[in-house]
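This report is meant for a reader who is meeting the structure for the first time. It begins with a single residue and then moves out to other places and to the chain as a whole.

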Amino acid sequence: MNPELIQQAGKRLPPGRRRPVALSQQGLVKTDYLEGDSRLPLVIQPRVDGVNLAAWAGASREFIEAQLLQHGALLFQNFKVNTLGEFEKFVRAVCGDMMEYRERSSPRSQMGERVYTSTDYPEDQSIFPHNEHSYSRTFPTKLFFSCITAAESGGETPLADTRRVLARINPQIRKRFVEKNWMLVRNYGHGLGLPWQTVFRTTERAVVEQYCRREGIETMWLDGDRLRTRQVRPVGISHQRTGEWTWFNHATFFHVSTLAPSIREALLSEFTEEELPNNSYYGDGTAIEPDVLEELREAYRQAAVSFPWQAGSVILLDNILTAHARNPFTGPRKILFAMADPFTRTDYAIDRA
């Protein structure tokens, strides 16, 4: 994807310049905002030396939940979470069990039982803002990122408040998507993207078909052990706790026009549009207009906030309230990723015939 898409979106904020806001009731941490008018993310730092993040989090879950619902993302700095084990302890202290990465859409390396690397795309590519698994009927409501090694340059994880994204979209466009929904079409077995065996964690076609029927995904087996799937999803969702309606979909992310021009041209020279590894449409299968897609991309750009990673830092996201992305980078970069607190949608019908 085009590096400028995210780099232009991120509001560059200098490190180390914070505006104090408050001390938590626990007295061991303080909360700040990054400089500027953004309240995303809320920065939480130890007030005294030697605070163990996992132990503090286990005793402060109500405080963490309240701040997460208000701000959508929490950035924990200077707690020195430098290992996989420390990261796992923190995630379990906040949420208990972690989720397995199923119905996969991007390559990741498994680092722990249910801890993965952040997306393993080439370092010179951007990853456009998205809400994790918005195309799935069951998705994580909390995401965790841990910086073990910060890149030499770039590699930020821009964040975007999906309420702000929604507010920036023309009401007529919103109305059209609400009426039509959006459709994701995926093709497996062309040699590009993840194979269906990896995505569905099985080598049995019958298991894939059973899963897809349960999740409202249409399947079509093609020659050469290829698979095509289609799934129609709403463009938004009401938050399960606050009731706020947010822009929650991958319609822009998966559309071929969001790819970097060189990648898009290479794909379209080899595949017909129907055969592309991923593409999105209105829910009735009609094409999304180019000007609509550009307005959606601009809404994400305008809402995005970017800041440099520091080794040892952790981000906790409300996956409904906050989209995330990735900037290109240079040098070694290691960001761990985990998902938790699954939620299953019941706001659209599933044909189980």
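## A residue in strand β12

Arg226 has a relative accessibility of 16%, and because buried means under 20% relative accessible area, Arg226 counts as buried. The model in which this value was computed is a predicted one. Arg226 belongs to strand β12, which covers residues 226-233. When residues up to four places away in sequence are left aside, Arg226 touches Tyr188, Gly189 and His190, together with Met220 and Trp221.

## The chain as a whole

The secondary structure of the protein chain amounts to eleven helices and 20 strands. The chain has a radius of gyration of 20 Å, close to the 20 Å that the globule rule gives for 353 residues, so the chain is as compact as a globular protein of that length. Taken along the principal axes, the box filled by the C-alpha atoms is roughly 60 × 40 × 40 Å.

Of the 353 residues, 55% count as buried, and the accessible surface comes to about 14,900 Å², with 48% of that surface belonging to carbon and sulfur atoms. Among contacts between residues at least 6 apart in sequence, 77% join residues that are at least 24 apart. As for charge, the chain carries 43 positive and 43 negative side chains, and the centres of these two sets lie 5 Å apart.

## Helix α11 and its surroundings

Helix α11 takes in residues 290-303, which makes 14 residues, and from its first C-alpha to its last the helix reaches 20 Å, close to the 20 Å expected at 1.5 Å a residue. Several residues of α11 are buried, among them Val292, Leu293 and Leu296, as well as Arg297, Tyr300 and Arg301.

Gly285 is placed in the loop between β15 (278-282) and α11, and with a relative accessible area of 34% this glycine is partly exposed. Although Gly285 and Leu184 are 101 residues apart in sequence, their C-alpha atoms are 9.2 Å apart in space. Ala304, for its part, lies in strand β16, which consists of residues 304-305, and with a relative accessible area of 2% Ala304 is buried. The C-alpha atoms of Ala304 and Thr157 are separated by 9.9 Å, while the two residues are 147 residues apart along the chain.

## Backbone details in the loops

The peptide bond that runs from Leu40 to Pro41 is cis, with omega near -5°, and Pro41 is found in the loop between β2 (29-34) and β3 (42-46).

Asn78 is not a glycine, and yet its phi is positive, at about 70°. This residue lies in the loop between β4 (73-76) and α4 (84-95), where Asn78 counts as partly exposed at 45% relative accessibility. Asn181 likewise has a positive phi, near 65°, in a residue other than glycine. The loop that holds Asn181 is the one between α6 (171-180) and β10 (182-188), and Asn181 is partly exposed, with a relative accessible area of 24%.

Definitions and conventions:
Residues are numbered from 1 along each chain as its sequence is written. This is a predicted model: local features need pLDDT of at least 70, side-chain atom pairs count only at pLDDT 80 or more; totals for chains, interfaces and linings use all residues. Side-chain values use heavy atoms; hydrogens and water are left out. Helices (H or I, at least four residues) and strands (E, at least two) are DSSP runs, numbered from the N terminus. The expected span of a helix is 1.5 Å times one less than its number of residues. Buried means under 20% relative accessible area, exposed over 50%, partly exposed in between (1.4 Å probe, protein chains only). The radius of gyration is taken over C-alpha atoms; the globule rule is 2.2 Å times the number of residues to the power 0.38. Contact means heavy atoms within 4.5 Å. Accessible areas come from the Shrake-Rupley method with a 1.4 Å probe; for residues, only the protein chains shown count as cover. Lys and Arg count as positive and Asp and Glu as negative; His and the chain ends are not counted. The place of a charge is taken as NZ of Lys, CZ of Arg, CG of Asp or CD of Glu.
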